[in-house]
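This briefing reviews selected side-chain and helix-packing features of one protein model. Please consult the sequence and the structure shown below while reading.

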Amino acid sequence: MAKWRVLITAPYMLPIIDEYADVFKCNDAEYVKANVEERLEEDALLEIVGDYHAIIAGDDRFTRRVFEAAKNLKVLSKWGTGIDSYDQAAAADHGITITRTVDAFTEPVSDTVLGHILNFARNLAAMDRHMKDGVWEKIPGRALNESTIGVIGVGATGSAVLRKARPFDARLLGTDIAELQPGHIKTLGVEMVSFETLLTDSDFVCLQCDLNETSHHLMNRDAFKRMKSTAFFINCARGPVVDEQALIWALENGEIAGAGLDVFEHEPLPADSPLKQMHNVFMAPHNSNSSPKAWRNVHQLTLDAMFGMLNPDGPTA
């Protein structure tokens, strides 16, 4: 019998975990695949966590009750970056280490943000829809060199958005609760401003901050009211940073011109969400991390982090 039992709940890792069977064997570990599609909620986790020393997880709901039931759990290794669905204080109270892959999806997510900016600036999807409906209409667009792009959260992904936008000669604004190094600001060509100034001045507001106690519902009704009525909002960060009802209100009342959304306050997005009926909203199912290269890297880093904790003096391969 193997020394370590590992539960796999991360949806992206489940299809390929057998490719790493030798890595588990080398580390005296065996793994079990959970039955999961998007994520496991508290009740589902409570039924299964008790037997495992480590879990490779996605956005599952690891609450205090789950950690209390996980009597043997030593390591919770997140496939990806965001750990806002984990009760980190409860994990610490029970001596459970949480690992994650920081900056895992910087490139694909920043590409997605830039794609939304270009789509809105050039009205690509709107004109395609009109053409297919038999309507020959030249919808006005704008060039990025006559636009202002604002990024909320100038971390790894926010910085990548600014870096990729710079060659388009747009005015670049950034805001962050952390102080950035002057050299980094100069390299990005970004003007750091207040949150309020970014909202009022930007033609494209790109949300790239983490979800934590300071950012929950950061984008609320007051924030959307500050934006230009011609501005577009893009969220490829975390859903609950946005008060989704406030976003729907802003779109329905013309407070903003449109939105590009990869994440939502409640996932999967409810079938009756008004967002699904809006032609000026472009959505994806939390998929901006899609990248074979990034995924392979995260697979390996997730395993390295987990086995580095389980076998600090042994192989991780």
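Which residues does F233 touch, not counting residues up to four places away in sequence? In this predicted model, F233 touches V205, L207, M219, F224, M227, V242, L247, I256, G258, A259, G260 and L261.

- F233 is found in strand β10.
- The relative accessibility of F233 is 0%, so the residue counts as buried.
- F233 and V281 are 48 residues apart along the chain, and their C-alpha atoms are separated by 9.4 Å.

**Aromatic pairs and cluster**

- Eleven aromatic pairs are present in the structure.
- One of them joins F24 and Y31, whose ring centres are 4.7 Å apart; the planes stand at 55°, so the pair is tilted. This angle falls between the limits of under 30 degrees for stacked and over 60 for edge-to-face.
- The cut-off for buried is under 20% relative accessible area.
- F204 and F232 form a stacked pair, with 5.9 Å from centre to centre and 15° between the planes.
- F204 belongs to strand β9 (residues 204-207) and F232 to strand β10 (residues 232-235), so this pair ties together parts that are 28 residues apart in sequence.
- F204 has a relative accessible area of 0% and is buried; F232, at 13% relative accessibility, counts as buried.
- One aromatic cluster is formed by Y12, W79, F105 and W295.

**Charge over a ring**

- The charged end of R221 sits over the ring of W249, at 4.2 Å from the ring centre.

**Packing of helices α5 and α7**

- Two packed helices are described by the angle between their axes and the distance between the axes.
- For helix α5 (residues 106-122) and helix α7 (residues 156-165), the axes come within 9 Å and cross at roughly 50°.
- α5 and α7 are therefore oblique to each other, and α5 passes α7 in a right-handed crossing.
- On the α5 side, the contact is made by T106, E107, V109, S110, D111, V113 and L114. On the α7 side, the contributing residues are A156, T157, A160, V161, R163, K164 and A165.

Notes: Residues are numbered from 1 along each chain as its sequence is written. This is a predicted model: local features need pLDDT of at least 70, side-chain atom pairs count only at pLDDT 80 or more; totals for chains, interfaces and linings use all residues. Side-chain values use heavy atoms; hydrogens and water are left out. Rings of Phe, Tyr and Trp (its six-membered ring) pair if their centres lie within 6.5 Å; planes under 30 degrees apart count as stacked, over 60 as edge-to-face and the rest as tilted. Helices (H or I, at least four residues) and strands (E, at least two) are DSSP runs, numbered from the N terminus. Buried means under 20% relative accessible area, exposed over 50%, partly exposed in between (1.4 Å probe, protein chains only). A charge sits over a ring if NZ of Lys or CZ of Arg is within 6 Å of the ring centre and within 35 degrees of the ring normal. Axes are lines fitted to C-alpha atoms, for helices over the stretch in contact, and angles run from 0 to 180 degrees between N-to-C directions. Angles under 35 degrees count as roughly parallel, over 145 as roughly antiparallel, 65 to 115 as roughly perpendicular and the rest as oblique. A crossing is left-handed if the near helix is turned anticlockwise from the far one by less than a right angle, and right-handed if clockwise. Contact means heavy atoms within 4.5 Å.
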